[in-house]
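Please look over the sequence and the model shown here before reading on. The paragraphs that follow take up the covalent link, then the sheets, and then the overall figures.

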Amino acid sequence: MPFEDDLGEALRRAGNGFTADRPALVDAGERRGRRMVARRRAAVVGGSVLTLALIATVGAYSGGLLGGPGGANAVTVAAPPTPPGGSDGTDGSEKDPRAGTGAVTGAQMIAQLEGLLPDGQWTKLEARGTEDQVPMVSGVYDDGKGKAAVSLSLQRVDPGGSHARARTECGDKLLQGYDDCRTEKLADGSRLLLQKGYEYPDRRVDTKVWRAVLVTPQGFVVDVSEWNAPAEKDAPVSRPNPPLSTAQLKTLVTSAVWHAALGDLPAAEQEPPRTDSAESALALRDRPAAQALEQLMTGLGIKVPVASKGGENGYGYLVLDDGKGMSLVQINVSKGETTSRFLGAGVTSQPDGTMVKVSQGPAEKGKGVVEWTVDTLRKDGLRVAISAYNTANQSGAPTREAPALTLDQLKELALAPAWNRTRN
């Protein structure tokens, strides 16, 4: 299984949502916004300071501006939660502490989104209000130039935490293959990500996804994505580009209409502080995987220049450039694993009981791309798996005949005794 799928398992237990944060990257496994919670995938208002109070316009929405699209247009609005057992909900069930009061409904979310976009036809509208921890609204929008999927989600994160930073950082272009990405700092201290990319980094189809993510100093997140097709995936492209320009996306995420819903969400739990010095004091197995791999290569005398790197926690990657073509190396470090991946032929054991599985062959993505993997499992359940490719992006074209690291070097890295120590 490719590493990004392993990461998906780990994160999309986290949720895309990029969810990326659409992890969540951003929350993992978020549907966007995620993708995020609204994909992939919760899976990021305004140019002025965001007020925490519910704005008075909520009453206006509930007082007659909610006549969503009629006719054949389908509208789905999540109903507010009903306390089980009785109206006081005292049967032991508890409301999600990360959700709001429900003061802003899914119908209001729909009305707000419709009001901010140019006139057009909406279909397949769906929404959740602040009874959910990630209010969202999505639908198919047609301005007369072709149908386009649009998805917007709201969330709160720790403003000083890693998730807030990650939501507005451009990823590695070698891996993501976007056309343009930039981050702006607004006058009130908010950070804004604007990105023009593709649903598939290898561009095997022409589906584009353009995205804007805003994170305020208070940790409020507004995340919107749009496509040039009526669905994120598995739908024919309906127009050359998504309908909204970068400037229009910026206006959408910085609009004050989202203040009420954002203000109804409780503050996010504060992330524990993490500093470079604290990370350097961790055992190798507990450090961010990319950092651990780079340090281990240096310690073992594997001197190949690193062109770029990234990842989070137990997943990481390095793009190596030895002057003969770039080469991607990915690492997964996880704990408490079972032997289920290490059954069948081709598995060997080290004297200390570590199980080793080696594979070489075509990668699942990218024509002509080869993948060399050394997957190891120690007796205490620590799994260290390292893969190398003959390309900088396993979904792209080969850049060299073989990966920059040899199979022996991959084995040396994966089986290094330093992984066994719980403290340095």
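**A walk through the predicted model**

By the rule that a disulfide is a pair of cysteine sulfur atoms within 2.5 Å, the count comes to one disulfide. Residues are numbered from 1 along each chain as its sequence is written, and side-chain values use heavy atoms, with hydrogens and water left out.

The disulfide is formed by Cys170 and Cys181, whose sulfur atoms are 2.1 Å apart, and with -95 degrees about the S-S bond the link is left-handed. Cys170 lies in the loop between helix H4 (162-167) and helix H5 (173-176), and Cys181 in strand E5 (residues 180-185), so the pair ties together parts that are eleven residues apart in sequence. Helices (H or I, at least four residues) and strands (E, at least two) are here DSSP runs, numbered from the N terminus. Cys181 is buried, with a relative accessible area of 16%, whereas Cys170 is partly exposed at 32%; buried means under 20% relative accessible area, exposed over 50%, and partly exposed in between, with a 1.4 Å probe and protein chains only.

Strand E8 (residues 220-227) is mostly covered, eight of its eight residues being buried. Phe220, Val222, Val224 and Glu226 point one way from E8, and Val221, Asp223, Ser225 and Trp227 point the other way. Two strands pair if DSSP finds at least two bridges between them, and E8 pairs in the antiparallel sense with strand E4 (residues 147-156) over seven bridges, with Asp223 as the bridge partner of Ser153. Strand E7 (residues 208-215) is likewise joined to E8 by seven bridges and runs antiparallel to E8, Leu214 standing opposite Val222. E7 and E8 form a hairpin with four residues between them, and Gly219 in the turn has a positive phi of about 90 degrees.

Elsewhere, seven strands form an open antiparallel sheet in the order E9-E10-E11-E15-E14-E13-E12. Strand E9 (306-312) and E12 stand at the edges with a single partner strand each, so one side of each is left without a neighbour in the sheet. The twist averages 15 degrees from one strand to the next, where axes are lines fitted to C-alpha atoms, for helices over the stretch in contact, and angles run from 0 to 180 degrees between N-to-C directions. E12 is joined to strand E13 (residues 355-362) by three bridges, and Val347 has Lys357 as its bridge partner in E13. Helix H9 (residues 289-299) lies across E9, strand E10 (315-321), E11 and strand E15 (383-389), at about 45 degrees to E10. Helix H10 (residues 407-414) packs on the sheet, touching E13, strand E14 (370-377) and E15; contact means heavy atoms within 4.5 Å.

Lys335 is found in the loop between strand E11 (326-334) and strand E12 (347-349). Residues up to four places away in sequence aside, Lys335 touches Arg285, Asp286, Gly381 and Leu382.

Taken overall, the protein has ten helices and 15 strands, and 49% of its 424 residues count as buried. The average pLDDT is 79, with 75% of the residues scoring at least 70, but pLDDT stays under 50 over residues 1-75 and over residues 78-92.

Conventions
This is a predicted model: local features need pLDDT of at least 70, side-chain atom pairs count only at pLDDT 80 or more; totals for chains, interfaces and linings use all residues. pLDDT is the predictor's confidence in each residue, from 0 to 100.
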